[in-house]
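Keep the structure open beside the text.

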Amino acid sequence: MTLLQFMTAAMPVLSVFILLVILRMPATRAMPLSLLVSALMAWGIWQMPAIQISAAMVEGLMIATTIVWIVFGAILLLNVLRETGAIDVIRAGFSGVSPDRRVQVIIIAWLFGSFLEGASGFGTPAAIGAPLLVALGFPPLAAVVLALVADSSSVSFGAVGTPVIVGMGQGLSGASEEMVQSIAMTGIGIDIFVASFLPLIMVMILTRFFGSEKSFKPAIAMIPFAVAAGLSFTLPAYLVAWLLGPEFPSILGALFGLALMSTLARNNILVPKTAWYFSAEDKATAEAALEKLAQDTDKAPGLSLLRAWSPYLLVATLLVATRVEFLPLKAWMNSVVVAWSNIFATEVSASFAPLYLPGTLFAITAVAAAYIQRGHWSQVTTAFSRSARTLVPTVIALATAVPMVRIFLQSDVNALGLQAMPLELASLAAEHLAGQWLFVAPLIGALGSFIAGSATFSNMMFASFQQAVAVQTGLPETLVLGLQLLGANAGNMICVVNVVAACSVVNLTGREGEVIRFTLVPMLYYSLMAGLVATLSLAFALY
């Protein structure tokens, strides 16, 4: 590649980093500008045909529509629960488990979020977890950052194992089930030594940047509980992956962790004696909720804690029931498809199943919630209009960000005979950094998720490339591919599509760059620590 061609291939990454992170533009301005620059450079320098660029943009718009629908469904569900008063009940109920904000973020973002990832994927954990944290009293920025950091380790087996089964299965031509399983076990084996410390990192971010005292000291006091919470997910997930395969590690691992850590928190085991709050005002609010809980276990006329939580239980049940193969719901919900094949007579095609999208399940649950919680139809319509109004900035950002990504990925059609831009960048990295590939491999996986917005697509795009590099460098293939799997998880923290979606559900549109600045460090920790563990395991022949 020439320098201009390299700049063109890197432009989707550079433009997002410069405009969002450095210049701190809101996504509603940064993403349209990034799309314009990337499209012009793809046409003029990469020599993509205009028809190919147009087809990729249409494909991107169709994908963006599915993301907007997911975000809308999540916002609608939250607003209905606010209208019925359920959020106030849930907030008070959490004070009964633990009023400590450090404990709450671990249980909701790390464990409940991992369950949602295992059941659905599609950015669901941040879309549900971030607004729930805000409803409990977390600052919106903290809620989004921590929900995104938490939605990482569970991604390997998200959406009932899709990144492993589909991503690796299709990314490696002729790969056997045994090889895919071996890659998954290698990845999750490394993950035990890496992701188990993510809850502690989350608490460190929480206390250092969002607490009134701006200190790591309250996080240090949480080391026993935070590390136990990390292991309460990663160890059961490893066992499930070994015994049952890649479909259920995140779901069952998270459920085990939820049961264990909620019990420990309720009984003040491994938890610091003094609860931590954001501020004195936050403490007063939480203590008032706890006192109200002690006085009246129902907290509100006719609305028990179980009934308040029932919409989340319902949506979790629906997500699992519609994702497993042995039930007929998955086939039925995928039977209705919106598709456009060979867009503008190109090889680009796009499709989605509207009934299968999590947004549809969120919307159904939102309507059901009003009935379950004895609300009124007027509350649903009020929530609907409020949710629709908040979507405008999100539509602008996603309708330009996703088409830019699709141009990047569909750039293998060009007059210069070049590979697609991400593969050219990866090949350049392999040429110059082969000797450090155990550290580079997860960063390549993270690049795929950052751009494509999907760990599954990152694995599909880079798996065969990673395998080829492993063969050329004499590294174990399963080890390198396991690092690709973990890197794709890490990239989920900074993925621009996920960041835009998560910001929109808590009315934080315009601060996407600030979110990425926070999540970039945990992403690098995840990727580089995975490389270090892999290096040590290779040195001691533990892989």
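**Aromatic contacts**

Student: Is Phe-209 buried, partly exposed or exposed?

Tutor: This is a predicted model, where local features need pLDDT of at least 70, side-chain atom pairs count only at pLDDT 80 or more, and totals for chains, interfaces and linings use all residues. Residues are numbered from 1 along each chain as its sequence is written, and side-chain values use heavy atoms, without hydrogens or water. Buried means under 20% relative accessible area, exposed over 50%, partly exposed in between (1.4 Å probe, protein chains only). The relative accessible area of Phe-209 is 39%, so Phe-209 is partly exposed.

Student: And Phe-518, buried or exposed?

Tutor: Its relative accessible area is 19%. Phe-518 is therefore buried.

Student: How many aromatic pairs does a search of the whole structure find?

Tutor: Rings of Phe, Tyr and Trp (its six-membered ring) pair if their centres lie within 6.5 Å; planes under 30 degrees apart count as stacked, over 60 as edge-to-face, the rest as tilted. Searching the whole structure gives 13.

Student: Why is the pair of Phe-112 and Trp-309 edge-to-face?

Tutor: The ring centres of Phe-112 and Trp-309 are 6.0 Å apart. Both residues are buried. The planes stand at 90 degrees, so the pair is edge-to-face.

Student: The charged end of which residue sits over the ring of Phe-209?

Tutor: A charge sits over a ring if NZ of Lys or CZ of Arg is within 6 Å of the ring centre and within 35 degrees of the ring normal. Here the distance from the centre is 5.2 Å, and the residue is Arg-208.
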